[in-house]
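Student: I am new to this one. Please show me the structure, and then let me ask about it.

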Amino acid sequence: MHTQNWTKRISLLISIMMLVGLLAACGGGNAGTGEGSGKEEGGTKNENTSEGDNAGTAIKGNEDYKGEFVLWTWEPEHPTALAAFNEKYPNIKLKRVNVANEDISKKLQTTIASGGELPDVIRIERGQKAKIFDMDILENLEAPPYNADKTILFDYDIAAFSKDDHMIAIPDDMSVAGIAYIKSLAKQYFGTDNPEEMEAIFTDWDVFIEKGKEALQQSGGKVKMFPSLGDVQQILKGQISEPYFDGDKLNVPMLESTITTLVKFRDSGVIDKLDQWTPAWNAAFGGEKYIFAMSPVWMPQYVIGPNDKKDDRWALMVPPGGGFIRGGSSHGIPKGAKNAELAWKWIEFTSMSQEGADAQKTDGVFTHFKKAYEDQSFTNWTWRNFGSQDIGEKFFVDISATTKDMPENINDLVLDEVMNIVLQTLAKDDSFGVEQAMERIQKELKAKSPNIVWE
Amino acid sequence: MDAVKRRWAPYFFLSPYMLFYLAFGLIPMVFSLYVSMTSWDGIGDKAFVGFANYKYLFNPDSYFFKSIGNTLLFVAFTLPLQMIFGLIIASLLYSRWVKWKGFFQLVNFLPYIVTPVAVGLMFNLLFDWQAGFINKVLLHLGLIDEGIYWLGDPLYARLVIIVMLFWKGFGYTMIFYLAGLANIPKDLNEAAQVDGASGFRTFLSITLPLLKPVTVFIVITGIIGGFQLLEEPMLLLGGSGMGSSTSVIGGPDRCCLTTVWNMYDTAYGSTTRYGLGAAIAYGLCLIIAFFSFIGARFYRGEQE
């Protein structure tokens, strides 16, 4: 009888504990959200109050900025930049939260849908940019309290990082791209390995194809221009003169022009069928089968260097049609961020100041702060695979001067995915032409995003 | 007082579970049903669209039925293979001719406990067009002149997925058949032998019929599990460029787009159409319920 009573009591206690735990968890969530929202409003209000009058901003010293802001990023810490920032703003602390680049948009969505707390700043990878921009969750950085001065960035950055005619993210690392080539092969097949002379030879893509055919013939079919049609597609996409989409309206003639050029490349036989980012594609950088490789700023350090152990084999040039953008990341501040002001100070320092540019360069990052590149000693950058060529000057002066960038919207992501199918089919099926490719794209776009207008 | 206590006590003791179920089971289910009738990107306002998302599933442009077909195809090919091979291995292990039974059981069961992500990436590297081990071996043996584009051709891509699922799953069926074989009374086999039945005849007439409940169970769980297929094909064909062909959702011509992959991609991948994603999930739920119902009927028939 005694034991039975104890069993009952224990059961009751466990039930009460479970119930209390469950209710506390649910209640806690609500309370947390409520508190968060309250703080959020308070924070924003405070910031507005302190920043609302410009006199307040002018008086505020660097030490007056106090607190911690949260950054969602996948990028390893940039120690020099962080140390320099902390020296200038000793009372601002940065809390990094590791989120994989492809997960940032999903995590934002689920955080917003669940009413959770957003970070103060997010790092946005180029592939995710259109999706995150489309969410309409980022602050207008041209408005107070940020007042971003967009004139200190490169001209091509403005439209690419804007939505509704105002900047909502600030680009962090440079991602202008040119094309690299193997000097010995260039000398053998084109008679020169000098970048400027190469640029004079390859005036447009038609010349490029013709020269490629000659090299293919001379080498008995062994040496080709690029390892992958994907490389060509990315260059062509980066060189378009206007965005593919105006809202939901697709610029069909422009897309058809890109597809026609891709088919021309495929039919010429000067491009191999490797898939990008595969082991074989990576290994190609160490071989002598392909003369050219697309080369964004990060390519020497992260792709060519690790895959080609030999020094001084490569040179960098402006591609026919000019420079383009490939990859790169930016930072944006979500609306309602609690410590937006602190986060902005960090963005401003690291991406929009000379001190930040110098510190970031030490960490291996070139920022988009335009003025820094007026100093030749800043742009000077050599890399062992490129021998003594000043690839910094080539990237940041010659290529940058010819670079364009286009704003993208969510439809561009769908088009990118559909283009993968087209590229795959083009590479394996020689009978797949422009008409079939366009039909395929139309069909796939209709299925994935019925709102796209095909005109 | 006692009567009152007797009335509320069961509800009180059930309440932790009921509240838990309400919070994490029923409410999300009802909410997702509501979401399936809206157009929502997870951030903006939900616009009620009635059954438009369900109607879209029947649109020829939608991948819903294609993805159901792909999934059924994988189940139709892999499940029989897994069952036949699992049964053969189980019978061999159960026979008196095989030594080190524990070792072989473990070896055959190991693929099943490998994480799906690792399986996808492993097969991705094995069947890579240019650097894959399979093509290297075939080229070395002179069986082919040029590497086969395994993951870029619809037929081959499906074949690779079937091989992958078969390799991963036969150990699971083997374990069930081993348990089933252990439950068959030995005297039935001995009686058959005394009556002069051959080993093969005994297997066909005694072992197989007595294994029918196990087979039915494997078929039902196999079909349900098959409809939940996601990670392996996703990693195989879209593994962040890890030796794969270009990252095409669903593989070449969407030939390997499974229903769950379609749902995931619609809601969280290349588009953020939560409403349509929820409608796909409910469509999938109906299909799984249909097969479960048929399976349950079979199972009940067996029991009776």
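Student: Which domains does the domain assignment of chain A give?

Tutor: This is a predicted model, where local features need pLDDT of at least 70, side-chain atom pairs count only at pLDDT 80 or more, and totals for chains, interfaces and linings use all residues. Residues are numbered from 1 along each chain as its sequence is written, with chains lettered from A and ligands numbered from 1 in the order in which they are written. The bounds come from an automatic or database domain assignment. For chain A they are domain 1 (63-174 + 328-374) and domain 2 (176-326 + 390-454).

Student: How many residues does each domain of chain A give to the contact?

Tutor: Residues are in contact if their C-beta atoms, placed from the backbone, lie within 7 Å. Domain 1 of chain A gives 15 residues, and domain 2 of chain A gives 17 residues.

Student: Which elements give two or more residues to the side of domain 1 of chain A that touches domain 2 of chain A?

Tutor: Helices are DSSP runs (H or I, at least four residues), numbered from the N terminus. Here the elements are α5 (126-134) and α6 (155-160) of chain A.

Student: Which helix gives the largest share of the side of chain B that touches chain A?

Tutor: That contact takes 31 residues from chain B and 32 residues from chain A. The largest share of the chain B side is 7 residues, and they come from helix α1 (residues 2-35) of chain B.

Student: What percentage of chain B counts as buried?

Tutor: A buried residue has 20 or more other C-beta atoms, placed from the backbone, within 10 Å of its own. Chain B has 304 residues, and the buried part is 36%.

Note on methods: Contact = placed C-beta atoms within 7 Å. Buried ≥ 20, exposed ≤ 12 C-beta atoms within 10 Å, placed from the backbone.
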